[in-house]
Amino acid sequence: PRTIRHASGAVEIKAKPTKVLPLDSGELDAVVQLGLKPIGYLDYNPALMPEHLVTALQGVKTVGTLAEPNLEAVAALAPELMLTTLIRHETIADRLKAITPTVFGVSTGVVWKQSFALYAKSLGRETEADAAVRAYEDRVRKLNAALPNPRPTVSVVRVLNNNLRYY
């Protein structure tokens, strides 16, 4: 058993979870990266998902949308642990916690490394997380070394239905 302190308090996880339900795309990616097949996921357009996630989700049921998870479908899957963030599901946090232990990251985006470490600890997969982060950092170093000098200026813009995001 382990007690995990997270953005919505603390939760006791009695055994290493195998039936895990991620409730956002970052959590989904973390679960898959850490070597687990999620028992469900929220409905995302596969055309907008990386191929490794599309492959990992073959045969996995959806449990609603990001804005409106279907809590009856969630409960029917009997997850041993759910992973999400306060920014996404604070309004239904108590209802999620009533179904099963739920670990909440603070937010999405820039805090991904902290969230990834939190989820890895929750899943008892710290070794796998350390290896994944090392591989990521090695790849970043190699890509940086390959950039021309002087480095180009780049802006990343994400176009959404109702707004733009600049990174």
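Arg125 and Glu128 meet through their side chains in a salt bridge, with N and O 3.7 Å apart. A salt bridge here is a side-chain nitrogen of Lys or Arg within 4 Å of a carboxyl oxygen of Asp or Glu. Arg125 counts as buried, at 15% relative accessibility. Glu128 counts as partly exposed, at 33%. Buried means under 20% relative accessible area, exposed means over 50%, and partly exposed lies in between (1.4 Å probe, protein chains only). The model is predicted: local features need pLDDT of at least 70, side-chain atom pairs count only at pLDDT 80 or more, and totals for chains, interfaces and linings use all residues. Residues are numbered from 1 along each chain as its sequence is written, and side-chain values use heavy atoms, with hydrogens and water left out.

By the salt-bridge rule, the count comes to 5. Side chains of opposite charge can pair when their charged atoms come close. Arg88 lies in helix 4 (residues 86-89) and Asp24 in the loop between strand 3 (20-22) and helix 1 (25-33), so the pair ties together parts that are 64 residues apart in sequence. Helices (H or I, at least four residues) and strands (E, at least two) are DSSP runs, numbered from the N terminus. Asp24 is buried, with a relative accessible area of 3%. Arg88 is partly exposed, at 30%.

A salt bridge also joins Glu137 and Lys113 (2.9 Å, N to O). Glu137 belongs to helix 7 (residues 126-145) and Lys113 to helix 6 (residues 112-123), so this pair ties together parts 24 residues apart in sequence. Glu137 is partly exposed at 28% relative accessibility. Lys113 is partly exposed at 35%.

Helix 6 and helix 7 are also linked by aromatic rings. The search of the whole structure finds 1 aromatic pair. The rings of Trp112 and Tyr136 have centres 5.0 Å apart and planes at 80°, so the pair is edge-to-face. Trp112 sits in helix 6 and Tyr136 in helix 7, and the pair links distant parts of the chain, 24 residues apart. Rings of Phe, Tyr and Trp (its six-membered ring) pair if their centres lie within 6.5 Å; planes under 30 degrees apart count as stacked, over 60 as edge-to-face and the rest as tilted. Trp112 is partly exposed, with a relative accessible area of 37%. Tyr136 is partly exposed too, at 39%.

Helix 6 has 12 residues, which at 1.5 Å a residue should span 16 Å; the end C-alpha atoms are 16 Å apart, in agreement. The expected span is 1.5 Å times one less than the number of residues. The buried residues of helix 6 are Ser115, Phe116, Leu118, Tyr119, Ala120, Ser122 and Leu123. Gly124 follows helix 6 and has a positive phi, near 70°.

The largest pocket has a volume of about 1600 Å³. Of the 41 residues that line the largest pocket, the closest to its centre are Asp24, Ser25, Gly26, Arg88 and Arg158. On a 1 Å grid over the protein atoms alone, a pocket is an open set of points with protein on both sides within 12 Å along at least five of seven lines, and lining residues have an atom within 4 Å of a point. Grid points are joined across faces, edges and corners, and the volume is the space filled by probe spheres set on the points. Helix 1 supplies the largest share of the lining, 7 residues. Helix 1, helix 2 (51-56), helix 6, helix 7 and strand 8 (157-159) each supply at least two. The lining divides into 19 nonpolar, 14 polar and 8 charged residues. Ala, Val, Leu, Ile, Met, Phe, Trp, Tyr, Cys and Pro count as nonpolar, Asp, Glu, Lys and Arg as charged, and the others, Gly among them, as polar.

Most residues other than glycine have a negative phi, and most peptide bonds are trans. Ala78 has a positive phi, near 50°. Ala78 lies in the loop between helix 3 (71-76) and strand 6 (81-85). The peptide bond from Asn149 to Pro150 is cis, with omega near 5°. Pro150 is found in the loop between helix 7 and strand 8.

Terms used. 1 Å grid on protein atoms, 1.4 Å probe; cavity = no way out; pocket = protein on both sides within 12 Å on 5 of 7 lines; lining within 4 Å.
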